[in-house]
Amino acid sequence: MEEDGNMYSIILATASRYLLLLLLIFSVFLLLRGHNEPGGGFVGGLVAAAAYALYFIANGIQAAKTVVRFDPLRIIAAGLLTAIASTLPSLFTGERFMTAFWIDTGIPFIGKVGTPLLFDLGIYFLVLGITISIIFSLAEEDRS
Amino acid sequence: MLILLLTGYAASALAPLLYKRFRENFGWIAVTFPLFMFFGFLSRYPQIVSGEVIRESVPWVPSLGINFSFLLDGLSLSFVLIITLIGAAVFLYAGAYMKAYAATGRFYVYIGIFMTSMLGLVLSDNMLLMFVFWELTGISSFLLIGFNHHKESSRKAALQALLVTGGGGLVLFVGIILLYRVTGCFDISSFYDMNGVITAHALYPAIAVLVLIGAFTKSAQFPFHFWLPNAMEAPTPVSAYLHSATMVKAGVYLIARMNHEIGGTPIWQDTVLVTGASTMVLSGLLAFKQTDLKKLLAYSTLAVLGTLVMLLGIGSKLAIKAFFIYLIAHSLYKGVLFLVAGTLDHETGTRDVAKLGGLGKRMPLTAITAALASLSMMGIIPLVGFIGKETVYKSILELEYWGIFLIAAAVLANAFVVMVTLFVGFKPFWGKAMDTSRKLHEAPFKMLLGPALLAALGLLFGMFPNFFMAAMLEQSAQSILSETLSLKITIWEGFNLVLLLSFVTLLLGGVLYLIRLKMSEQVVRMTLPVFMRPSAWYEAALRGVLSFATVQTRFVQNGYLRNYIIVIVLTTVFLASLALYRSAGGIGIAPDFSITFYEGALAFIILVSTLLLVNSRSRLKSIVALGALGFSIGIIFVIYGAPDLGLTTFAIETLNVILFVLVLYKLPGFLKLSRSSNRGRDAVIAVSVGVLMTFTVFAASSFELSSELKQYFAQTSVPDGKGRNVVNVILVDFRAIDTLGEITVLAVAALGVVALLKLRADGGGR
């Protein structure tokens, strides 16, 4: 854990583990509520990235990379592909490009699910991936 | 026909997979593809001969008049049959010849793409479709010439061919667009009746010249001829196929195809005639100093291409007849000779005519094949080449004004061709056996069969010309001249002037051969002065473009971030203030200033942090000030009812500070690098941006903005977008395509940033 030596703070390190989870939940919350209240994929992605950034500051780059688990570049790709995937239903049904499709799940609290939500999810991952890939690259450079 | 072409591309893509499975016998598998096409089109032969024209059209971009429309008439069928037949011989041959190369699978992909594109080119009825195929043949030619990409000369030759033919293609493209301006359509078949309209139009000279330049570059006419001999860097099957039998004939095809649509005028006929004739003579002269088998053949190909173009320029019935016979004859013998040259190279390891000799005993079958093709090339009875040459002479003699000069030129050029033939087709096989350490033996069966069959066809065509060619010729001539011709071909017309000319040609060719043998050393060293060589003009032009690009890049992309920012900011300020001035007619009105306590406090914080930021001598302080500034702005957003923006701003500011801290860690200590004058300049620029923004806000608030959009989005957000957050619904639904574009740009930008950082981390770059 103690990678950056003098910068290590046990309080921050411990807190960041719980904060990471809380912030990630918060970011998903922002993503989901975005359709009706302030929020959305962009902010959600930024908050999630901030959560990982906090974890990185507290625990060092190696630990943060382990927590993220995926290569940030792959997260970018996954986000972009998700966003593009949300356009496919309109293509296949012959509607105008990117016409939204909605399904009413009937489940309380979730309600209607549609392609715009998928699109927003794509933005979420894209923004998350971009931000942490830049932060991690900068941090890597520091170490070398 | 569209399906047939798509199958062609698909088959090409499959080649590497099949090649891996059936390495030994791949030639036999590959040959089925052109043969299939050949017989497929041959089955249409009766229809075409009976005067039918087959058309097909599949809409592509109908609104622009661009469709997959195809046209099969006598002219295109002749070319299609040549392409597929020679293709079959080459595909089989390459199965054995290319074994020594790496990546033979890839070779078949390229050559398959080429063949399909070439078929597309001659079948297209739509000019733009034809242009697409035209460019595709150019690209596959580029890939094939540069197939030995580890050799610099190959890469250079490939690039040269691409630039010359590609540049010509662009010129042709302009010509096509102008033609569209005049006629309003792209379909060649609808130009048929429009010759009068087109030639009378003011744009006509431009169209004619542009189309002709496109054709001349592709068919390597003077002064664009230099790329063709250099293209001999390609593996020999490629030279045989692309650079003698098919691709270089695309330009000739274009001239023939457009002849009765936009031809018939002095500017068209004379340009074609003169260019063709000069190419014919010059390439003959240039062939004199060559020693390489393939280069010799390349220059003789140039002479033939020149002759073909010249015949189109003459444009009489007889000339068109000669054009077709000569075209077929050339395709039959030249491909063979190239393949024989490849065989010699393959077996002996050299292509130098001075070294080759006495191989006839070791390779009797190759020798017979070569002899048959050579006799045809020299124009000796009873081979098809003889009829070709006789008809060419006859059609020239018909001319009143140019006749005497042209006939002299043609005899001279043909004499050089005879000389080339003697060097390529006979010298390697006769005379003293060459010294070589290799054990010489006959070529493998796969490398013999194709050339031998083609050579035999040359003989059959010559002996029974009417059976093979007459019916096709009538239809083809109709495509070019739109007149019905009744052509009977006779091989023997008795002793007359034309026959005498043939004898003169042979005699002169023999003399040239003997002279060339005697003085080989001096001739090789002869060179033209630099300024007279078009290839030197090409080099100079290329160098000029490169150095201009360097200078321009240094100037525009100078690598200083501050310069980029200054340019961007100043441009924005200038354009925005211009627009503001024009639309608002002034500075607008300042809105009423009733400031609440929060607003005042925020403004104070923003001002203080800005001043701190600018005057700070510590980076950490600057970053903190910047953060404070950003958060204050976020709060303003919240106060004015844009919680989405506020939220996003907070998140971005947080991350910004983190990023800055990370970068800061890397930077050297704070230095005062900029002079006061620079700081003054920056201050002026910054203030100008601020002033502009202020006035923009004034102007914006002094107008009553059209509220239709606002209302539209507010009303449709819930029913159509299923969301109450209008901003978000706009982003992910109403305007989702914009967002999609933006996030794609973001992703690419992130890749760039990561790549740059990684480059530095790995110690690369500057």
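Leu285(B) counts as partly exposed because 13 C-beta neighbours sit inside 10 Å of it (buried means 20 or more other C-beta atoms within 10 Å of the residue's own, exposed means 12 or fewer, and partly exposed is in between, with C-beta atoms placed from the backbone). This is a predicted model, in which local features need pLDDT of at least 70 and side-chain atom pairs count only at pLDDT 80 or more, while totals for chains, interfaces and linings use all residues. Residues are numbered from 1 along each chain as its sequence is written, and chains are lettered from A and ligands numbered from 1 in the order in which they are written.

Leu285(B) belongs to helix α14 (residues 266-287) of chain B; helices are DSSP runs of H or I with at least four residues, strands are runs of E with at least two, and both are numbered from the N terminus. Along the chain, 132 residues separate Leu285(B) from Val417(B), yet their C-alpha atoms are 9.9 Å apart.

Ala30(B), by contrast, is buried because it has 25 C-beta neighbours inside 10 Å. Its place is in helix α2 (residues 26-42) of chain B. Setting aside neighbours within four places in sequence, Ala30(B) is in contact with Phe91(B), Gly95(B) and Tyr108(B), contact meaning C-beta atoms, placed from the backbone, within 7 Å. Leu92(B) is 62 residues away from Ala30(B) in sequence, with 6.8 Å between the two C-alpha atoms.

Now for the nonpolar cores, that is, sets of buried Ala, Val, Leu, Ile, Met, Phe, Trp, Tyr and Cys residues joined through C-beta atoms within 7 Å. The largest has 190 residues, and those with the most contacts inside it include Leu144(B), Leu308(B) and Val420(B). Helix α16 (residues 317-348) of chain B is its top contributor, giving 19 residues. Domain 1 (1-263) and domain 2 (266-430 + 442-526) of chain B both give residues to this core, so it lies between them; the domain bounds come from an automatic or database domain assignment. Beyond its neighbours within four places in sequence, Leu308(B) is in contact with Val252(B), Phe323(B), Tyr326(B) and Leu327(B).

As for where the chains meet, 41 residues of chain A and 37 residues of chain B take part in the contact. On the chain A side, α2 (41-59), α4 (72-85), β2 (112-114) and α6 (115-143) each supply at least two residues. The most come from α6(A), with 16 residues.

Conventions:
Two residues are in contact if their C-beta atoms, placed from the backbone, lie within 7 Å.
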